Amino acid sequence: MNKIAFIIILTVALCKGQTIKQCKERFNNYLNFKGGLNNIVKFEDNEISICNFKGNKEFTIYAGEINMLADFLEHTPYKQQEELLRLKGTKKYSKRQRDSVWIYIDDRKKIPKGKKKLPLNGYRVAIDPGHFGTNLEDAQIEQKFLYFIKDSVNLPTDTIKLFESELNFNTAQLLQKMLEELGATVFLTRNQNNYTSFNCSFKDWLLLHKNRVLDSLKSVDFLGSERYNKLIKEEPAKFFKDFFRDYDLANRAKKINQFKPHVSVIIHYNVDEKNAPWKKMSDKDYTMAFIGGAFTHDNMERTETKLHFLRMLLTKQLNQSEKLAAQTVLNFNKNLKIDIATQFDAEYLKDNCLITESKGVFARNLLLCRIINSPLVYGEALYQDSYKECSDLMRYDTEKYGIKTSDRLLKTAESYFQALVPFLKGL
Ligand SMILES: [Zn+2]
């Protein structure tokens, strides 16, 4: 072999190959929240082990297995992953066993190659417009709305009424059109602004599906009798908090994973937490985005969470998410003219998140950030209750793609779009 060919092969191997060192960096930068996993995840020269709470090794990944497992966790359904975790344990796979795992890998996420009519042909983008309440009854249950008189002294009739679900949905529709124009295939987790991810309103879900769903969860022992009896009688607001919120979120993630996206976008608009219960305007307005990570000791109790942790540890998804989120936040800052949040601007940033090297990007173990199996950005473009924003957000005086919107929502959609296009092209 000549020298040049050897260098080329070595470079390709190094680019593709993930090392224990890279996994350790991801562990430190994104995953190990306040050292909570120090006794659970052990790094050695040639292996990484996940231990149980007694300190015994339960699962070991050897250096030569990292790429195979990373691909497996990125491209297989959850059930298969659970099976592999159980069967492999701390065993070291032979070359033949490693090769046999590749058979299970679905290559639907491979990057489209060759001539394309439009620049994003072949790319799949999932969008989750957060929440569902677009009337006071639903929104009160979700606690995701603003309803107050802007200035009771000088403008007593000037009312602020905003439903976050509506803002998120409107932004998602605009972003969908922008991406489709470039040839991308786009999936939305719900198809009306007042719908849950079950494609009906919360009220209809309670009427049509609640009993059936609880009965079936009880029959497979997912719900014990005591919890079942409690949930079946609960009022909507309590039931939402105790069951439906996470049930709906898990369904959003499930639908997204079935779509096998190259990238996912979760759209939300924030409020100033110190302004609760949001009956007046706030003088603050910050922009930020979340990605996955920040696991605690308790998070590692369940097999499901462990598998999500392993995927984030072994694949490059978190690095990719940081890159995408960083560009999204820079675009929010530039297009919307809003300052980027630091860890000192909200309690949850300081108390629940790991700070990344990118301004305004925080690793946080939110359900969607954990379960969605693709690079992602969870955006919080602005504070809805800011005195600079609330009136403008209500003013739907702009039109794009036949959709009535406000200038703020359009600029937010453009910010996501301008981050997504180069990101996808760079995959
Ligand atoms: Zn939200």
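User: In which loop is P277 found?

Analyst: Happy to start there: this is a predicted model, where local features need pLDDT of at least 70, side-chain atom pairs count only at pLDDT 80 or more, and totals for chains, interfaces and linings use all residues. Residues are numbered from 1 along each chain as its sequence is written. Helices (H or I, at least four residues) and strands (E, at least two) are DSSP runs numbered from the N terminus. P277 is found in the loop between strand 8 (263-270) and strand 9 (286-291).

User: What value is omega near for the peptide bond from A276 to P277?

Analyst: P277 belongs to the loop between strand 8 and strand 9. The bond from A276 to P277 is cis, and omega is near 0°.

User: What value is phi of W278 near?

Analyst: W278 is also placed in the loop between strand 8 and strand 9. It has 19 C-beta neighbours inside 10 Å and therefore counts as partly exposed (20 or more within 10 Å is buried, 12 or fewer exposed, in between partly exposed, with C-beta atoms placed from the backbone). W278 is not glycine, yet its phi is positive, near 55°.

User: How far is K238 from I141 in space, C-alpha to C-alpha?

Analyst: K238 sits in helix 11 (residues 236-259). Its 14 C-beta neighbours inside 10 Å make K238 partly exposed. In sequence, K238 and I141 are 97 residues apart; in space, C-alpha to C-alpha, they are separated by 8.2 Å.

User: What arc do the buried residues of helix 3 cover around the axis?

Analyst: In helix 3 (residues 66-75), the buried residues are I66, L69, A70, F72 and L73. They lie on the same side of helix 3, because the arc they cover around the axis (taken from the directions from axis to C-beta atoms) is only 165°.

User: Which elements are included in what covers those buried residues of helix 3?

Analyst: Contact here is C-beta atoms, placed from the backbone, within 7 Å. The cover includes helix 2 (20-31), strand 3 (57-62), helix 4 (78-88), helix 5 (95-102) and helix 12 (303-314).

User: Which residues make the contact of helix 2 with helix 12?

Analyst: These two helices pack at about 120°, with axes 8 Å apart (lines fitted to C-alpha atoms over the stretch in contact, angles from 0 to 180 degrees between N-to-C directions). That makes helix 2 oblique to helix 12 (under 35 degrees is roughly parallel, over 145 roughly antiparallel, 65 to 115 roughly perpendicular, the rest oblique). The contact is made by C23, R26, F27 and L31 of helix 2 with F309, M312, L313 and L314 of helix 12.

User: Which element gives the largest share of the side of domain 1 that touches domain 2?

Analyst: The chain is divided into domain 1 (3-102) and domain 2 (124-425), with bounds from an automatic or database assignment. Their C-alpha centres lie 31 Å apart, and the contact takes 21 residues from each of domain 1 and domain 2. On the domain 1 side, helix 2, helix 3 and helix 4 are the elements giving two or more residues. The largest share, six residues, comes from helix 2.

How values were computed:
Contact = placed C-beta atoms within 7 Å.
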